[in-house]
Amino acid sequence: MDHGRVNPQMTLDAMGFPGLAHVYYNETEADLVQAAVMAGEGTLGQGGAFLVTTGKHTGRSPKDKFVVRTPATENTIWWDNNPPMEPAAFDQLHADMLAHMQGGTYHVQDLYAGADPAQRLDVRMVTELAWHGLFIRHMLRRPDRAELDTFTADFTIVNCPTFKADPARHGCRSETVIALNFDKKLILIGGSQYGGENKKAVFTLLNYLLPEKGIMPMHCSANHAPGNPVDTAIFFGLSGTGKTTLSAEPSRVLIGDDEHGWSDRGTFNFEGGCYAKTINLSPEAEPEIYKTTTMFGTVIENMVFDPDTKALDFEDASLTANMRAAYPLHYIGNASDTGLGGHPKNIIMLTCDAFGVLPPIARLTPAQAMYHFLSGFTSKVAGTERGVTEPEPTFSTCFGAPFMPRRPEVYGKLLQDKIATHGATCWLVNTGWTGGAYGTGTRMPIKATRALLAAALDGSLAEGSFRKDPNFGFDVPMDVEGVDPVLLDPRRTWPDGAAYDKQAHKLVTMFADNFGKYVPFIDDDVRAAAIG
């Protein structure tokens with residue numbers, strides 16, 4: 001039995017999903033909230049937000065993601081980062097999942113990935129959970145109702161949390177599996193309720209497809225000056241580095257908070273919504289994001305709440321530090337209507353330095369920008385991935401290694417060419433620790449970070465005086481209005497300068513050791529910018 005608006009040639013029955021009891025197509029937010037509540041998937045919260053817990057998976061499971069190895073993918077996939085699955089194992093997984101789904105109720109959302117109509121990907125999401133349908137309806141971009149009559153999916157994603165994979169039978173690692181088959185244009189997700197697996201599956205798709213078209217896919221947020229899309233800034237960074245918070249600056253127009261493309265036409269958002277971390281969220285520091293947590297249809301993942309009043313506890317991390325809110329972009333008052341921007345004028349690379357070594361901001365040459373982009377240094381923040389309980393220093397190339405199907409140099413060369421063609425000023429911003437390493441120092445003051453970014457984006461920072469950092473060779477501003485000069489020199493923030501020097505040497509060595517694997521693939525100017 002089918003319900004809802006859909007292309008008659010694109011029903012699940014026509015696509016080879018036999019024996020389903022009920023299929024609901026392209027339900028609205030209100031329908032999905034109602035269905036989720038009635039199915040007992042979660043609780044209705046204040047303002048009509050939907051409160052849900054995701055069980056044992058409160059973050060992504062990157063070690064359970066596989067790419068099907070075929071002749072078409074053999075020489076294009078970065079296999080060291082993307083474990084292979086054999087076609088026969090995928091076919092068995094697919095058959096077993098279809099058999100498991102029989103007799104069940106499923107929700108289908110037909111959506112666009114990509115705000116630029118010339119570059120968008122048409123994605124069908126089939127979900128066992130109604131709230132997963134709501135989540136992805138927020139995250140991607142919604143066609144007009146009339147467009148659904150002729151919608152044809154480029155790729156289909158099936159998410160069935162109650163399905164448990166069998167490693168021996170399906171060629172995977174555990175009961176949880178994310179399997180991408182680029183030849184069959186099909187992604188299968190089983191054994192996890194975590195909403196983020198849905199959006200990152202789409203991001204991985206675009207990261208594979210767009211480079212062939214000369215488009216740079218980026219794990220970044222983006223904004224532009226009011227009334228001036230030409231003045232666009234992008235913010236690279238992993239979860240917990242401040243992409244969402246810093247790009248939602250009320251004085252600028254938010255293009256998007258997480259995933260974008262850079263084409264010959266400029267910057268475009270992949271998504272239609274935001275997926276913000278909510279731990280310690282406050283109305284004073286992040287008013288735009290905070291207010292979404294009591295707006296209708298916002299999905300609140302893994303937050304502790306009062307059982308009577310449904311008031312959210314933003315400080316209780318007993319379920320996970322990776323508590324999140326998923327909401328449509330238009331819930332942010334300063335969000336772009338189009339999801340489009342110009343060629344980036346400023347490129348910000350965000351890092352969360354748990355060593356307490358890096359300055360709060362540094363200006364990079366194009367070669368240094370490539371070095372830090374390929375290095376992707378940050379600290380994994382507690383909760384983002386399973387098993388991470390406190391910040392861990394890590395190098396995640398391109399600031400998004402878990403989502404990169406191709407080798408890092410492919411993305412690095414694309415970014416290098418874009419910067420050379422269109423020009424951009426590049427900055428490294430540390431939102432991590434100052435005055436000492438994690439455990440002894442303090443987190444970088446967000447007020448100072450915002451002041452430094454404002455000066456970078458309005459051009460005044462570049463006109464000031466700089467010093468050359470003795471460890472990394474980049475330029476560090478010496479004096480910025482509204483920022484304590486001591487903060488700009490991290491060695492001076494430490495009680496013991498010799499201890500800072502020892503820590504800095506350790507970090508420089510880590511950078512050098514990590515970068516060695518890229519040396520055979522990079523240009524001479526980037527090789528010359530390498531440290532250590």
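Predicted model: local features only at pLDDT ≥ 70, side-chain atom pairs only at ≥ 80, totals over all residues.
Visitor: Is S192 buried or exposed?

Guide: The relative accessibility of S192 is 1%. Buried means under 20%. At 1%, therefore, S192 counts as buried.

Visitor: Which residues does S192 touch, not counting those up to four places away in sequence?

Guide: Contact here means heavy atoms within 4.5 Å. With residues up to four places away in sequence left out, S192 touches H57, H132, N159, P161, T176 and E197.

Visitor: How far apart in space are S192 and K164, C-alpha to C-alpha?

Guide: In sequence, S192 and K164 are 28 residues apart. From C-alpha to C-alpha, the distance in space is 9.0 Å.

Visitor: Which element gives the most to the lining of the largest cavity?

Guide: The largest cavity holds about 90 Å³ of space. Its lining includes E197, K200, A201 and T204, and E197 is also touched by S192. With four residues, the element that gives the most to this lining is α5.

Visitor: How many residues of the lining of the largest cavity are charged?

Guide: Among the lining residues are R60, K65, E197 and K200. By class, the lining has five nonpolar and two polar residues, and the charged ones number four.

Note on methods: Residues numbered from 1 in each chain as written. Heavy atoms only, no water. Buried < 20%, exposed > 50% of the residue type's maximum accessible area, 1.4 Å probe, protein only. 1 Å grid on protein atoms, 1.4 Å probe; cavity = no way out; pocket = protein on both sides within 12 Å on 5 of 7 lines; lining within 4 Å. Points joined across faces, edges and corners; volume = space filled by probe spheres on them. Helix = DSSP H or I, 4+ residues; strand = E, 2+ residues; numbered from the N terminus. Nonpolar A, V, L, I, M, F, W, Y, C, P; charged D, E, K, R; others polar.
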